[in-house]
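Reader: Could you take me through this model feature by feature, giving the general idea before each case?

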Amino acid sequence: MRALSRPLILNWLNAFMRMLARGCSSSARPAEELHVPLRGGLGQCRGGQVYLVGAGSGDAELLTLKAVRLLMQADAVVYDRLVGDDVLALIPHHTERYYVGKARGHHSVPQDEIGALMVALAQQGKSVVRLKGGDPAVFGRMGEELDALAAAQVPATIVPGITAASAAAACMGIPLTDRGHAQQLRFVTAQLCREEGTPDWASLARKDETLVFYMGLSKVAAICQGLRQAGLPDEWPIMLVANASQPSQQSLVGSLASMPDMLAKNPLPSPCLIVVGSVVQRVATSPAGKSIDVCAASLL
Ligand SMILES: C[S@@+](CC[C@H](N)C(=O)[O-])C[C@H]1O[C@@H](n2cnc3c(N)ncnc32)[C@H](O)[C@@H]1O
């Protein structure tokens, strides 16, 4: 592991905090007065170890301080397609980088090759950050990566990140749960809508719950149809948010009956999240969401 002095890392973290302060109101403390109040000092980034780190939803300001520190300390970073450019820009130039995401027109690096790469780097004595979009524990194949590391007796540490659901809800100005609307929250992979698998629509069609579908942009019509057939009303609210928390964020707000046509007329890019539930009604009255069919993000 390359040795970075604590003062140097603290300087970096303080620079990061100054970056956070940019854009705050004029009544905010001047950026240069901000310091990171880390009691007990900074942690170590150990050689021979892999850190499974959440990169958040793309906005670098949504990284945890621990993620930033590890990115600055690690010998090697193995990263995915959904990690934002601003986050990658925080990695020092001397750090080894390995891209294992899907290139345009190509397949993703197979999962066993990713595991083998992390094991090989750790066994060379390097400290390795495995950087994954959002939270590594949410549809991030983290279980398989932990298994690969455990099989090679490589120690692993998990650093959570802001998952796309949290980022999308925040940027649209709505809660995911609400005392009066949704007492339950379910994260669902829309990959269940593939031919060989069918979601349990009857169990999903509840009015007291918020459903968040990941990886579902091409399954919107099937989701709307499945939920309507299972008993949710045609006018039940649904929201699509693409590139949540990024300057390119786009959204559509409609109903189960209207959304397939709305999306056909206003195609959204990937990655895109689908939120179904009465909490979506709040978008129309929220300062961040305005009354919209298609909106550009009102980013903080
Ligand atoms: C393989 S999953 C990874 C989820 C990630 N681990 C997380 O916690 O956000 C990829 C899916 O996450 C969603 N996603 C990730 N980042 C997003 C973003 N910035 N905006 C909207 N959806 C996003 C999309 O549904 C995408 O198809």
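**Helices across a sheet**

Author: Helix 2 (residues 65–73) lies across strand 1 (50–54), strand 2, strand 4 (128–132) and strand 5, running at about 135° to strand 1. Helices (H or I, at least four residues) and strands (E, at least two) are DSSP runs numbered from the N terminus; residues are in contact if their C-beta atoms, placed from the backbone, lie within 7 Å. Axes are lines fitted to C-alpha atoms, for helices over the stretch in contact, and angles run from 0 to 180 degrees between N-to-C directions. Helix 5 (residues 142–151) lies across strand 1, strand 4 and strand 5, at about 170° to strand 1. This is a predicted model, in which local features need pLDDT of at least 70 and side-chain atom pairs count only at pLDDT 80 or more, while totals for chains, interfaces and linings use all residues. Residues are numbered from 1 along each chain as its sequence is written.

Reader: In what order do the five strands of the open sheet stand?

Author: Two strands pair if DSSP finds at least two bridges between them; here the order is 3-2-4-1-5, with parallel pairing. Strand 3 (96–99) and strand 5 (156–159) stand at the edges with a single partner strand each, so one side of each lacks a neighbour in the sheet. Strand 2 (residues 76–79) pairs with strand 3 in the parallel sense over four bridges, and V77 stands opposite R97 in strand 3.

Reader: How do the residues of the shell around the ligand divide?

Author: They divide into 13 nonpolar, eight polar and two charged, where Ala, Val, Leu, Ile, Met, Phe, Trp, Tyr, Cys and Pro count as nonpolar, Asp, Glu, Lys and Arg as charged, and the others, Gly among them, as polar.

Methods: Contact = placed C-beta atoms within 7 Å.
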